[in-house]
Amino acid sequence: MHAKTDSEGTSVDTSWAPRSPPRRPVYYVQSPSNHDVEKMSYGSSPTGSPAHHYYHCSPIHHSRESSTSRFSASLKNPRSLSAWKHVRINQDDNDDDEMDDDDGGSARNVRLYLCGFLFFVLLFTIFCLILWGASKAYKPEILVKNMVFENFNVQAGSDQTGVPTDMLSLNSTVKIHYRNPATFFAVHVASTPLELHYYQLRVASGQMKKFTQSRKSQRRVITVVQASEIPLYGGVPLLANAKDHVEKIAVPLNLTFVVRSRAYILGRLVKSKFYKRIRCPVTLHGNKLGKPINLTASCVYH
């Protein structure tokens, strides 16, 4: 009975020998839990317990045993392990590629916006330079027409410190013709003081009023140049005897000033400046008081 039982057990063990199932492509493998591993270890023991026979008769445990054997074989097979790693690496690479594509699209949009902004700035700069260059062709036209000495007086006096000297007083007017030939901008006009010099000695001065000249227009500007009790300290020898014979004097003078014209073509962004330095030699004749002295051909402009 014992021998028969052993042969029957042997035949049973041989009949339940595990058969290798056909190989199928495996993409993802899940590791078995510890509880399943314990059942497999207990079922493979040679004791032939009821739990052992139940394990071999259960199709569920047979499937788990096959999965475990395939997982163990894949771990022992370097090619299977390499393929599994290759699948995981490819998936990670695809995720990284998608993230790189998103980052690349954002960077590309930023570059496009930046290039568009720089292109707009370049076009606007070129447009401003064209306007600025075109404005230089419309220089204001300035012409000093004449000058009239209204009165002239030299008398004895003293300066603020009490030093006795000759004192000069005069009153005159200067007529200036101003024209703006520009077709697309107005100009704002100002000037330095108009000064009369006897060599290096300033004997009279006056200030031209500021004004704005519209496009393609002109005007006449009259400025008063005067002096009131200017101490001479003997600096003008020709006036030493002018107190008694004013009609006989002839004093050479120089009228100097600078006219500043400023054009705002495109607001404060584009503006042009035009400076005109003017020097007009004029002679004060005592017998021509009240008469205009023509300066159209005698003034120097630069």
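How many aromatic pairs does the structure hold? The structure holds six aromatic pairs.

## Basis of the report

This is a predicted model, in which local features need pLDDT of at least 70 and side-chain atom pairs count only at pLDDT 80 or more, while totals for chains, interfaces and linings use all residues. Residues are numbered from 1 along each chain as its sequence is written, and side-chain values use heavy atoms, with hydrogens and water left out.

## Tyrosine 138 and phenylalanine 184

Rings of Phe, Tyr and Trp (its six-membered ring) pair if their centres lie within 6.5 Å; planes under 30 degrees apart count as stacked, over 60 as edge-to-face and the rest as tilted. Tyrosine 138 and phenylalanine 184 are an edge-to-face pair, with 5.8 Å centre to centre and 90° between the planes. Tyrosine 138 is in the loop between helix 5 (78-135) and strand 1 (141-158), and phenylalanine 184 is in the loop between strand 2 (164-180) and strand 3 (187-191), so the pair ties together parts 46 residues apart in sequence. Helices (H or I, at least four residues) and strands (E, at least two) are DSSP runs, numbered from the N terminus.

Ring pairs also join Tyr138, Phe184 and Phe185 into a cluster.

## Tyrosine 178 and phenylalanine 211

Tyrosine 178 and phenylalanine 211 are also an edge-to-face pair, at 5.5 Å centre to centre and 85° between the planes. Tyrosine 178 belongs to strand 2 and phenylalanine 211 to strand 6 (residues 211-213), 33 residues apart, and the pair links these distant parts of the chain.

## A charge over a ring

The charged end of lysine 136 sits over the ring of phenylalanine 274, 5.1 Å from its centre. This term requires NZ of Lys or CZ of Arg within 6 Å of the ring centre and within 35 degrees of the ring normal.
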